[in-house]
Amino acid sequence: MNIAAKNISVAAEAAAILEKLGVDKALYTQGDMPSYSPVTGEKIGNLKTVSAAEAAERIEKADAAYRAWRLVPAPKRGELVRLLGEELRAAKDDLGRLVSIEAGKIRSEGLGEVQEMIDICDFAVGLSRQLYGLTIATERPGHRMMETWHPLGVVGIISAFNFPVAVWSWNAALALICGDSIVWKPSEKTPLTALASQAILDRALARFGDAPEGLSQLLIGDRAIGEVLVDHPKVPLVSATGSTRMGRDVGPRLAKRFARAILELGGNNAGIVCPSADLDMALRAIAFGAMGTAGQRCTTLRRLFVHKSVYDQLVPRLKKAYQSVSVGDPLQSSALVGPLIDKAAFDGMQKAIAEAKSHGGSVTGGERVDVGHADGFYVKPALVEMSKQAGPVFEETFAPILYVMPYDDFDAVLEDHNAVAAGLSSSIFTRDMQESERFLAADGSDCGIANVNIGTSGAEIGGAFGGEKETGGGRESGSDAWRAYMRRATNTVNYSKALPLAQGVSFDIE
Ligand code: NAD
């Protein structure tokens, strides 16, 4: 479907996609929670929300489903996720387009988000045959010690607007193969893509046939509904993605009831460009990392340290890229930068730019761009030259602002690099092996993601994703992140005729 050719509204196109994917129309037309497209500012839905009591009921249903699902062999559980991957492949164009409509992503990034969902499904299918535990040498004769990994329970998923569906899939695919049920509270800014994803999973469930009812639940609502999930005693793990402000509330609440938390919070990511860097490569990586997704990725490049010896070669070229980058309607143009999510994001950006100026910052870009949609908030990405880190540089402003600062001492720049509260992603551009290895060493970058000669954003699903410090410490997606979704039992089996106690303890009762 091509809205330019058919000249239909964004709302009509969203409705057509939802209908095609089999979403019940009443769910997004007869409710009281409005949803808007950042592309035009148009209202695209009136969502039916769940009450706190309904949310609790759905959690109970998911708990009942878990009790049956945990007994299904893991490779068979993998079959459901394989079918989900197939359904996502079939729906890729439609769901990708809906991501663009609802989150404002450019076309290739909307599609890329769905590709990421497909990738994690493939990964999880393989993993469903690899949920290994260890066998461990015991100190007692005639004994065997081993680990068994068991399903955990209901996994709560809270997601942010900027990856409206990929984050759900990272958690859902792993949780489902691990034998857990899932309850998802998507961002109130992107509920339509959540309805669509649930409908796609429903198709996979129908083809699978005998999965327990209620295995996957959706809670449309605001933060209060998220709180029901966080506080519910039958949810042993909540994976929450969003701002550090949200994590500061959610983390202690989960800790209070001894539930597990995977916290995936804000980032304030930096790059370092060293004297030996390939500047052409660095330029492209910086441009994508800082301006891509209109600066609305948790891994967006926000701080750039450039060695004094290459500053005058790199920064003027970077400024030129900022001035010439295409900003526009992601549905009707091939622009590289789409809209900000809403007015609050625009206001936050302008406030940070004003503060940066008051700290001596020199600004290129940052102004609003008229793309013909009065209610859409489009901006030229901003490059702000600063002499050093100050004021807003220490904060994550969820908009395309790149603070650029010169450096001359490698040890000092590593300290500056790590001197912010968040610890998500980082990168260094260098051909000097001593610098790159040092950046990756124990006294190098303190982030969960540390890259060499690629940007801070655009992670693959194969690695564990997450960050340290105020990013929350959670890990999801690849590597061994699955372990958080299961409970580990250590089993010691005595096949001897004696009962030796560990550590040589004797306790003879006669
Ligand atoms: P947000 O914190 O406003 O909302 C995120 C989600 O949390 C929403 O679903 C919201 O309803 C819910 N929520 C908020 N307060 C809650 C509470 N007290 N209890 C339960 N639920 C609550 O974030 P946002 O504006 O949607 O997203 C942008 C932020 O998310 C940025 O800070 C970005 O860096 C971060 N983010 C992090 C990652 C990561 O993996 N580290 C990924 C994407 C986005």
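Which strands and helices do the buried residues of helix 11 pack against? Before getting there, some ground rules. This is a predicted model, where local features need pLDDT of at least 70, side-chain atom pairs count only at pLDDT 80 or more, and totals for chains, interfaces and linings use all residues. Residues are numbered from 1 along each chain as its sequence is written, and side-chain values use heavy atoms, leaving out hydrogens and water.

Let's start with the whole protein. You'll find 15 helices and 23 strands in it; these are DSSP runs numbered from the N terminus, with helices being H or I of at least four residues and strands E of at least two. The radius of gyration, taken over C-alpha atoms, is 25 Å, close to the 24 Å that the globule rule gives for 510 residues, so the protein is as compact as a globular protein of that length. That rule is 2.2 Å times the number of residues to the power 0.38. Along the principal axes, the C-alpha trace spans about 85 × 60 × 35 Å.

What about the inside? Of the 510 residues, 55% count as buried, meaning under 20% relative accessible area with a 1.4 Å probe and protein chains only; exposed is over 50%, and partly exposed lies in between. Take contacts (heavy atoms within 4.5 Å) with a separation of 6 or more: residues 24 or more positions apart account for 74% of them.

Now back to helix 11, which runs over 279–291. Its 13 residues should span 18 Å at 1.5 Å a residue, and the end C-alpha atoms are 17 Å apart, which agrees. The expected span is 1.5 Å times one less than the number of residues. Its buried residues are Leu279, Ala282, Leu283, Ala285, Ile286, Ala287, Gly289, Ala290 and Met291. As for the opening question, they pack against strand 10 (269–273), strand 11, helix 12 (308–324), strand 16 (401–407) and strand 18 (425–429).

With 9% relative accessibility, threonine 293 counts as buried.

Serine 479 also has a positive phi, near 50°, in a residue other than glycine. You'll find serine 479 in the loop between strand 22 (476–477) and strand 23 (486–494). Here the relative accessible area is 41%, so serine 479 is partly exposed.
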